[in-house]
Amino acid sequence: MAEQRTRYRAMAGALGAVALTAGAITTGLTLPTASAATWPTPSGTPQAVSKTISVSGTTDGGMKRYYGSGDLGSDNQDEDQGPLFELKDGATLKNVILGAPAADGVHCEGSCTLQNVWWEDVGEDAATFRGTGKTFNVIGGGARKAADKIFQFNGGGTLNISGFAGQDFSTFVRSCGNCSSQYKRTINVSNSELTAPGKVIGGINTNYGDSLTLRGITIVGDSSKKIVPCQKYIGNNTGAEPSKNGSGPDGTYCKYSSSDITYK
């Protein structure tokens with residue numbers, strides 16, 4: 001169950017967009033660490049969203065702020081909430097700021113690209129990825145104040161996250177631990193900056209063959225190294241709470257070394 005939301009003062013600084021191709025992410029090369037950038041200022045008049053916006057093709061928001069209202073006007077942990085944006089297979093959403101309340105953020109129904117998308121106050125999750133055998137790309141952007149997860153990976157395939165800033169979160173990215181349909185999931189996180197407080201960077205299910213690769217990760221404000229880089233679980237399809245199955249690099253499920261993570 002999602003933990004009760006606790007507000008923290010967001011630490012200054014976030015990561016700007018970094019133009020990395022999916023191929024560069026998955027080469028296994030050690031990438032340079034992230035550099036801080038200023039959290040973006042919204043442009044224009046904020047837009048209330050009372051009904052989920054469907055996205056096909058490419059939508060450029062021009063850095064406008066969107067926020068939930070009516071049935072989407074909640075920032076709680078209700079897992080039945082709708083998203084502000086729903087991306088069809090192959091769609092791209094870019095240059096958008098999601099304000100508060102953000103409901104269940106963004107849903108990708110198939111392959112998608114989120115480019116320079118920012119969440120000022122994550123609701124249930126920032127983005128949820130669905131579909132099977134798909135590739136999902138998150139390039140640049142940032143999210144903060146996530147009492148539960150920033151990214152939820154329910155579908156199957158590969159999720160590439162590059163140049164992203166996560167602040168004040170419980171889990172940065174999670175391979176679904178108890179979905180009714182389970183798949184093998186590959187997660188690659190590179191050139192990203194994560195700012196404490198936080199608990200876990202990536203949670204994966206070893207029994208379904210998941211893997212998490214970390215490259216060029218900067219962790220800010222965690223001198224005690226309490227944030228777990230890679231937490232392994234035994235997933236299930238019954239809805240039960242998954243059990244933990246160890247943590248730390250192993251070359252098979254958790255793919256990183258100490259040189260891949262820098263603490264500041």
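Student: Why is the disulfide of Cys 176 and Cys 179 called right-handed?

Tutor: The torsion about its S-S bond is about 105°, so it gets the right-handed label. One caution: this is a predicted model, where local features need pLDDT of at least 70 and side-chain atom pairs count only at pLDDT 80 or more, while totals for chains, interfaces and linings use all residues. Residues are numbered from 1 along each chain as its sequence is written, and side-chain values use heavy atoms, with hydrogens and water left out.

Student: How do you know that Cys 176 and Cys 179 form a disulfide at all?

Tutor: Their sulfur atoms are 2.1 Å apart. A disulfide here is a pair of cysteine sulfur atoms within 2.5 Å, so this pair passes. In general, it's a covalent bond between the sulfur atoms of two cysteines. Searching the whole structure turns up 3 of them.

Student: What makes Cys 108 and Cys 112 count, and which hand do they have?

Tutor: Their sulfurs sit 2.1 Å apart, so they meet the cut-off too. The S-S torsion is about 90°, so that disulfide is right-handed.

Student: And why is the Cys 230 and Cys 254 disulfide called left-handed?

Tutor: Its torsion is about -70°, so the label is left-handed. The S to S distance is 2.0 Å. This pair links distant parts of the chain, with Cys 230 in strand β18 and Cys 254 in strand β20 (residues 254–255), 24 residues apart. Number the bonded cysteines in sequence order and you get the pairing 1-2, 3-4, 5-6.

Student: What makes a stretch a strand?

Tutor: Strands are DSSP runs of E, at least two residues long; helices are runs of H or I, at least four; both are numbered from the N terminus. By that count the protein has 1 helix and 21 strands.

Student: Why is Gln 231 called buried?

Tutor: Its relative accessible area is 7%. Buried means under 20%, exposed over 50%, partly exposed in between (1.4 Å probe, protein chains only), so Gln 231 is buried. Across the protein, buried residues make up 54% of the 264 residues.

Student: Which residues is Gln 231 in contact with, leaving aside neighbours within four places in sequence?

Tutor: Contact means heavy atoms within 4.5 Å. On that basis the list includes Val 200, Gly 202, Gly 203 and Ile 204, along with Lys 244, Asn 245, Gly 246 and Ser 247.

Student: What makes Asn 191 stand out, and is it buried or exposed?

Tutor: Asn 191 isn't a glycine, yet its phi is positive, about 45°. It lies in strand β15, and its relative accessible area of 8% puts it under the 20% limit, so it's buried. Asn 95, in strand β7, has a positive phi too, near 55°.

Student: How do you know which peptide bonds are cis?

Tutor: Look at omega: it's about 0° between Ala 100 and Pro 101, and near 10° from Ala 196 to Pro 197. Pro 101 lies in the loop between β7 (91–98) and β8 (106–108), and Pro 197 in the loop between β15 (185–195) and β16 (200–205).
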